[in-house]
Amino acid sequence: MAEEKLPWMCHVCEHFSTIGEGIVCDECFRLTCNEHITTATVLNQESGLYELKKICVECQFKKSLNQ
């Protein structure tokens, strides 16, 4: 049985592809291409520990405006 190629689109640049998979932002949970996502260290308020999260450029920009 062949693997089905599902299309996906980056919510930042609207890049459309059926190759590979988009990366989900850990903040907004929307699909993003590799160009518009980064790994950031984020403080977990409950545990007091830092965690690595994939965050898109839109969420990074929103966080920088709120600080």
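This is a predicted model: local features need pLDDT of at least 70, side-chain atom pairs count only at pLDDT 80 or more; totals for chains, interfaces and linings use all residues.
# A short tour of the structure

Residues are numbered from 1 along each chain as its sequence is written, and side-chain values use heavy atoms, with hydrogens and water left out.

**Overall layout**

- The protein has one helix and six strands, where helices (H or I, at least four residues) and strands (E, at least two) are DSSP runs numbered from the N terminus.
- Along the sequence, their order is β-β-β-β-β-β-α.
- The C-alpha trace spans about 45 × 25 × 15 Å along its principal axes.
- The radius of gyration is 14 Å, whereas a compact globule of 67 residues would have one near 11 Å; the value is taken over C-alpha atoms, and the globule rule is 2.2 Å times the number of residues to the power 0.38.
- The protein exposes about 5,400 Å², and carbon and sulfur atoms supply 53% of that area (Shrake-Rupley method with a 1.4 Å probe; for residues, only the protein chains shown count as cover).

**Inside the protein**

- Of the 67 residues, 21% count as buried (buried is under 20% relative accessible area, exposed is over 50%, and partly exposed is in between, with a 1.4 Å probe and protein chains only).
- The largest nonpolar core has seven residues: Cys25, Ile37, Ala40, Val42, Ile55, Cys56 and Cys59. A core of this kind is a set of buried Ala, Val, Leu, Ile, Met, Phe, Trp, Tyr and Cys residues joined through side-chain atoms within 4.5 Å.
- Strand E5 (37-43) and strand E6 (50-56) each supply at least two residues of this core, and E5 gives the largest share, three residues.
- Beyond its neighbours within four places in sequence, Ile37 has contacts that include Ile23, Val24, Cys25 and Ile55; a contact means heavy atoms within 4.5 Å.

**Two salt bridges**

- The whole structure holds two salt bridges, each defined as a side-chain nitrogen of Lys or Arg within 4 Å of a carboxyl oxygen of Asp or Glu.
- One joins the side chains of Lys63 and Glu27 at 3.6 Å, N to O. Lys63 lies in helix H1 (residues 57-66) and Glu27 in the loop between E3 and E4, so this pair ties together parts 36 residues apart in sequence.
- The other joins Arg30 and Glu58 at 2.9 Å, N to O. Arg30 lies in the loop between E3 and E4 and Glu58 in helix H1, so this pair ties together parts 28 residues apart in sequence.
- Arg30 is partly exposed at 36% relative accessible area, and Glu58 is partly exposed at 29%.

- Most residues other than glycine have a negative phi.
- Phe29 sits in the loop between strand E3 (23-24) and strand E4 (31-32), and counts as exposed because its relative accessibility is 64%.
- Glu14 also is not a glycine and has a positive phi, of about 60 degrees. Glu14 lies in the loop between strand E1 (8-9) and strand E2 (16-17), and counts as exposed at 57% relative accessibility.
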